[in-house]
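Look at the structure first, then read on.

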Amino acid sequence: MSATTTHDSSKNYINHESGILSWLTTLDHKRIGLLYMWTVLTFFAIGGFYAMLIRTELFTAGKTIVDAGTYNQFMTFHGAIMVFMVIIPGVPAFLGNFVLPLQLGAKDVAFPRVNLLSWYCLIVGAAIALCSLFYNGADTGWTFYTPYSIDTDNGTVWLVLGAFVMGFSSILTGLNFIATVHKLRAPGMTFFRMPLFVWGLYSTAVLQVLATPVLGITLLLLAAERILGIGIFDPDLGGDPVLFQHFFWFYSHPAVYIMILPAMGIVSELITAFSRKTIFGYKAIAFSSIGIAAVSFFVWGHHMFVSGQSEVAGIVFSFITMLVGVPTAIKTFNWVATMFQGSVRFDAPLLFAMGFLFLFTIGGVTGIFLAVTAMDVHFHDTYFVVAHFHYVMVGGTLMAIMGGLYYWFPKMFGRMVSDFWARITFLLIFIGFNVTFFPQFILGAMGMPRRYYDYLPAYESLNKISTIGAWTIGTGFLIALGVIIYAMKKGEKASDNPWGAKTLEWQTSSPPPHENFINDPVVTAGPYEYR
Amino acid sequence: MFFISQAHAESFMPPVASTFGDAFNSLYSFLVISSLIACVLVIGGFIYFAIKYRRQSENDKTAYITHNNLLEFTWSFIPFVIFMVVFAWGWIIYNDMRSFPEDALEVHVMGQKWNWNFIYKSGKESVEEMVVPVNKPVKLIITSKDVLHSFYVPAFRVKQDAIPGRYTALGFTATKKGNFQVFCAEYCGDAHSSMLAKVRVVSQDEYEQWLRQGDPYEGMSLAEVGQKIFSQRCVACHNATDQAKVGPGFKGLWQSQRTFAKAEGLVADENYIRESILNPAAKIVAGYEGRVMTSFAGQLDEKELSGIIEYLKTLK
């Protein structure tokens, strides 16, 4: 399954061409992956800055640094940026773009031009979204619930239209990946020889293509309502505000799986590579991805148990949500079993994968609390929900992105990240994360509603702890940024396969040549043949 | 805005003050314990494996174990059974929450930016405070005047969104006397976190007595009437000091020069205050553009309007 490399090793995809224009017009999936990397990192820094402002404001009850209106803008921009510009493109468009064709043994994705177009969609969408800052900003929260989003300032329209355009980025990436997986696998690469990261990206791509258009239509209707005064969601014009929630969550629930499924794929790669052992339950993990993707379309109503939807609908959605829990549990148990009798090396990427397992398990079990109708009546729209989805999205997806970044970094740049410093960032982020978000479960159980600028004195001590945790996470990520930039310039030279992993991307040089593989790889075995 | 001793948790959970509380807490405890067991198994498991099977040398050989169908079935089936148990258990409690007895006391609840209004069948109205008798089923018929709100009483473990143009319902039976905190749980703008109220649970006698009290302002001067209304309806957004909140602070407002975003400036007098309450969008003070106050037209009578004006005159 190897392709011997006998080419000029000084030539690679990075120095294949030079100049800023060569980057902005590149059709190379690896270069587009790096464009996404810088884009996502920039937005992550902005979204993270808003997070620090939010937590700092909540350090004390009452006013700490800003007034209520400004706070509401902070929480809106934090949410919208992190969801639409960081976590959704974070795994598929950044890591997926770089790794997917390499893992399949392909020269590129199926539609390289569409791939570049999808990056431009993200940039244009983000630019439109940020225009809202010049129109009094937006203060609706990332959910844009009607009729508040119809009554409030004009900046909301820009943010909504920006999210609409960014949706195309997601759709096009998904389309590209589906075509690539079906048409461009190397000879011998059957579906069941594909790495599990590819399975994760494939299930995600299906969600992106099927669910995102619904969000697009919904946001367009909202914009039309505001600009043209058509009564769709506004009760004053005969519309139905709850309809918006149905439309919105029909996309946004599958969207949380767009965020987590590829992250689960990364974790599968990391655990098997650093345990140097074949994955336990390959087919169970692969099919559970597809299972989660399929069922995730029918659970959106669990966001709406107290919204005024019918009781029967609530019960049915609660039931189906329980069914999503099963494949998720299957994955977790299989990862744990993979380590059994392995040969485990604690490099930084594995620490992040273990961090994922730790935090995602807590995020997962608290998800069951929220899926139970009677529990959710109390917990809905409290800090319990905030803690739950941060455990899943940050503790899960972001941990996986960090792990994946450190893991594939040698392949991307041909240099190693300092393992010592990478572990330091892990410790700061992991500890800071728990200090920030665990108290929020308790705050939520105590009844503190979310999106609160001010809170009762009884909630103050836990909020203080949470804020201190947030500053710790912030420090961790700042150090991580420094570590990554340093490694790009001065990191130790990486060998082609520094981790001793078996998937195809490690069979080519680091960094790979422009055409990925000098000799086309031929696959004769599964992806994790550690014998 | 007001500190209610029994309103929120002193420990990890709010006090139990409705018939749902104990059922809720039992299921909650079950979930916490089974989650703890699951977390210990999974997290403990991988940490144990990772340490026990840590790499000894770079030539380590590992076992080639691909799958085990019996294991896969076991660890799918056990979670499935637990999920079904909590689903059914939750359903039973939820069904209870959503069943309203025929003889329930009905109270209309209207949310608006940023107050809760309660209207009783006798026609009695109350702001920021709902009085109900203990051990009596209550059904709230909830709506909103402007945007979405959500009526949330942690001590009762109940919550229901308030939707403009539509009625939703919420039922409970209070089991303890006292004051219990009401929050707005659905984001509704600048003073969302100040949209507080309380449920005062009293004996049947006290409730009936409270219901009969005709004039809530009996024996009060106009300024006192104004102060009372201010503390109920205005404090979510306005301070009685010169500190701005969502809207301007009111200290020194009377007879001061006002400058507006779009209209010509004027000196604050009776007519200006009246217009600002009944038609707030007419003149927006410079620096507060884009902050829309909800009109109180139809919700305050002449005496109450005069009361507010007289009260503002006292804030010097």
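## A strand and its neighbours

B:Gly111 stands opposite B:Ser144, a residue of S5(B). This is a predicted model. Strand S1 of chain B covers residues 105-112. S1(B) and S5(B) run parallel, and 7 bridges join them.

What is the sense of the pairing between S5(B) and strand S8 of chain B? The two pair in the antiparallel sense, over 6 bridges. Strand S8 spans residues 168-173 of chain B. One bridge partner can be named here: B:Ile142 has B:Thr168 in S8(B).

## Two faces of S5

Strand S5 of chain B holds residues 137-144. Its side chains alternate along the strand. Which residues point to the buried face? They are B:Val138, B:Leu140, B:Ile142 and B:Ser144.

## Domains of chain B

Chain B is divided into two parts: domain 1 (1-53 + 64-214) and domain 2 (222-314). Their centres, taken over C-alpha atoms, are separated by 35 Å. The contact between them takes 13 residues from domain 1 of chain B and 8 residues from domain 2 of chain B. What classes of residue make up the domain 1 side? That side has 5 nonpolar, 3 polar and 5 charged residues.

## Where the chains meet

Chain A gives 74 residues to the contact between the chains, and chain B gives 73 residues. Several helices of chain A give two or more residues to the side that touches chain B, including H3 (68-104), H8 (241-275), H10 (311-339) and H14 (419-446). The largest share comes from H10(A), with 13 residues.

How does the chain A side divide by class? It has 43 nonpolar, 20 polar and 11 charged residues.

## Confidence

The model scores ipTM 0.90 and pTM 0.89. Chain B averages a pLDDT of 88. In chain B, 97% of the residues score at least 70.

Technical notes. Residues are numbered from 1 along each chain as its sequence is written. Chains are lettered from A and ligands numbered from 1 in the order in which they are written. This is a predicted model: local features need pLDDT of at least 70, side-chain atom pairs count only at pLDDT 80 or more; totals for chains, interfaces and linings use all residues. pLDDT is the predictor's confidence in each residue, from 0 to 100. Two residues are in contact if their C-beta atoms, placed from the backbone, lie within 7 Å. Helices (H or I, at least four residues) and strands (E, at least two) are DSSP runs, numbered from the N terminus. Ala, Val, Leu, Ile, Met, Phe, Trp, Tyr, Cys and Pro count as nonpolar, Asp, Glu, Lys and Arg as charged, and the others, Gly among them, as polar. Domain bounds come from an automatic or database domain assignment. A residue is buried if 20 or more other C-beta atoms lie within 10 Å of its own, exposed if 12 or fewer, and partly exposed in between; C-beta atoms are placed from the backbone. Two strands pair if DSSP finds at least two bridges between them.
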